[in-house]
Amino acid sequence: MSGKIILGAQWGDEGKGKFIDIFASKAELVVRSQGGNNAGHTVIVNDEVYKLHLIPSGILYPETKNIIGAGVVIDPKVILSEMSGLESKGVSLKNLLIDARAHVIMPWHIALDELSEAARGSADIGTTRRGIGPCYMDKTERCGIRMHDFINKDKFIKKLYQVGEIKNSLIEKFYGGKALNLDDIARKYSEYAERLSGFVSDTSVAVFDALKAGKEVLFEGAQGTLLDLDMGTYPYVTSSHPVAGGVCIGSGIGPTLIDEAIGVAKGYTTRVGKGPFPTELFDDTGEYIRQKGAEFGTTTGRPRRTGWFDAVIARFAVRVNGLTSLVINKVDPLAGLPVLKLCTAYERNGKIITDFPADLDELAECKPVYEEFDGFDMDLGGMRRYSELPTSLKKHIEAIEHICGCPVSIIGVGPGRDQIIYKG
Ligand code: GDP
Ligand code: IMO
Ligand code: MG
């Protein structure tokens with residue numbers, strides 16, 4: 001059997017979609033196990049750009065089964081629009097499966113995401129406002145609506161009014177917002193449910209059977225390690241578990257069925273939304289990386305914050321995910337910089353720190369310790385062999401391997417499917 005996890009080793013947007021698409025050519029199944037349409041995964045094939053939010057990035061291969069697991073939160077309107085967008089480009093959805101246990105994002109989740117962020121004022125999290133946090137809150141509160149409820153009209157309507165009336169009173173009385181029209185929601189969402197019902201099943205059976213039969217199963221992480229609810233920079237995190245452990249819970253399989261965990265990082269660091277970021281650059285270099293790397297959110301279009309590669313974070317990601325290898329993606333945007341900096345440790349009150357701190361106040365006092373490498377100025381996009389890369393970049397990559405105690409297997413040199421280098 002071969003269960004392989006591809007996850008984000010930083011704060012998301014590392015290029016997970018590209019690598020899932022690349023590996024999916026050999027996979028029987030691609031599985032999303034957490035998050036929702038806060039994710040934005042880009043796949044580029046023959047100059048056609050696909051931006052996927054909920055549907056797994058293996059969908060472009062007609063024979064690969066694409067599963068949205070129980071741990072994912074699903075906005076029915078968004079998934080239906082993504083489905084029709086793909087169909088209009090000739091992509092078949094015959095192999096798309098949605099888990100019966102997955103929770104549904106309802107309009108009150110989106111309204112409450114907006115209202116709670118506004119109420120936090122300057123202490124906001126900077127969420128994608130897609131209703132992700134409020135939907136996971138209802139799941140743990142045990143008042144959520146799951147796909148199997150959603151596609152059963154009588155059960156759905158009953159739950160909708162039961163939960164919706166409580167949510168409306170929260171919206172109106174606590175936040176001073178405008179109550180939602182539940183009759184309208186009942187009409188529209190019943191229609192969405194009808195259109196989705198044929199895709200719903202217990203997907204953990206298909207995942208288990210494929211793994212037991214020795215087929216390759218890819219688990220597509222969303223977000224990134226530092227956005228994990230427990231392991232990330234809490235409270236500036238998402239409400240699910242992007243770490244490797246989250247895969248088992250969210251897809252309904254046991255840890256003994258996973259063989260590999262591959263962490264994708266960029267050759268620098270980015271972050272969208274608020275929260276600490278020790279190697280953040282506020283100068284021309286940060287802007288240069290943003291422009292060269294086209295660092296603008298796939299989901300919200302927000303400019304991404306940029307900074308140097310942080311090996312303290314990468315080392316942390318290797319540990320908490322049990323990574324078997326690292327991918328260093330997007331090294332091409334670094335071309336043209338006079339110097340490359342690599343954060344090898346933090347310094348706090350005269351002490352060197354190599355383990356990522358839990359306490360954000362402590363983290364705020366950490367100063368990055370940098371090792372410098374010569375810059376390079378050449379287009380890497382056409383390179384396919386490790387030996388072709390500039391010497392200083394190879395030293396930078398090898399220093400990451402050394403600090404993290406984890407091999408780098410692949411280097412990304414451009415957004416296209418073929419723009420990768422196997423390090424060997
Ligand atoms: P994901 O959320 O991890 O799947 O990543 P996103 O799709 O949000 O962001 C990655 C962005 O970088 C997308 O626009 C990709 O097309 C682009 N990209 C991926 N790999 C590379 C690379 O090696 N070089 C460059 N320049 N761009 C890349
Ligand atoms: P992919 O899968 C980058 C960030 C948001 C915000 C925080 C909480 O494309 O890598 P949420 O809406 O989840 O409650 O927002 O998490 N965030 C992401 N940042 N990439 C993502 O997904 C993200 N999904 C959520 O910006 O800071
Ligand atoms: Mg993204």
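Which domains does the domain assignment of the protein chain give? I noted domain 1 (2-99 + 206-260), domain 2 (103-196) and domain 3 (264-422), with bounds that come from an automatic or database domain assignment.

**Conventions.** I am working on a predicted model, in which local features need pLDDT of at least 70 and side-chain atom pairs count only at pLDDT 80 or more, while totals for chains, interfaces and linings use all residues. Residues are numbered from 1 along each chain as its sequence is written, chains are lettered from A and ligands numbered from 1 in the order in which they are written, and side-chain values use heavy atoms, with hydrogens and water left out.

**Domain 1 against domain 2.** I looked up the centres of domain 1 and domain 2, taken over C-alpha atoms, and found 24 Å between them. The contact (heavy atoms within 4.5 Å) takes 24 residues from domain 1 and 19 residues from domain 2. For the buried area, that is, the accessible area (1.4 Å probe) that two parts lose on being put together, summed over both, I recorded about 1700 Å², of which carbon and sulfur atoms give 66%. On the domain 1 side, V73, P76 and L80 supply 31% of the area buried against domain 2, more than any other three residues. I then searched this interface for salt bridges (a side-chain nitrogen of Lys or Arg within 4 Å of a carboxyl oxygen of Asp or Glu), and the rule finds zero.

**Ligand 2.** I counted 19 residues around ligand 2 (a heavy atom within 4 Å), of which D13, K16, H41, T128 and T238 come nearest. The shell divides into six nonpolar, 10 polar and three charged residues, where Ala, Val, Leu, Ile, Met, Phe, Trp, Tyr, Cys and Pro count as nonpolar, Asp, Glu, Lys and Arg as charged, and the others, Gly among them, as polar. Oxygen atoms of ligand 2 lie 2.7 Å from a side-chain N or O atom of K16, 2.6 Å from a polar side-chain atom of T128 and 2.9 Å from a side-chain N or O atom of R302. The protein covers 97% of the 550 Å² of accessible area that ligand 2 has on its own, by the Shrake-Rupley method with a 1.4 Å probe.

**Ligand 1.** I found 20 residues surrounding ligand 1, the closest being G15, K16, G40, T42 and D332. Here K16 places a backbone N or O atom 2.8 Å from a ligand 1 oxygen, whereas T42 has a side-chain N or O atom 2.5 Å from an oxygen of ligand 1. For T298 I read 2.9 Å between a polar side-chain atom and a ligand 1 oxygen. Taken alone, ligand 1 exposes 590 Å², and the protein buries 91% of that.

Definitions and conventions: Polar contact = N/O pair within 3.5 Å; in protein donor to acceptor, adjacent residues only side chain to side chain.
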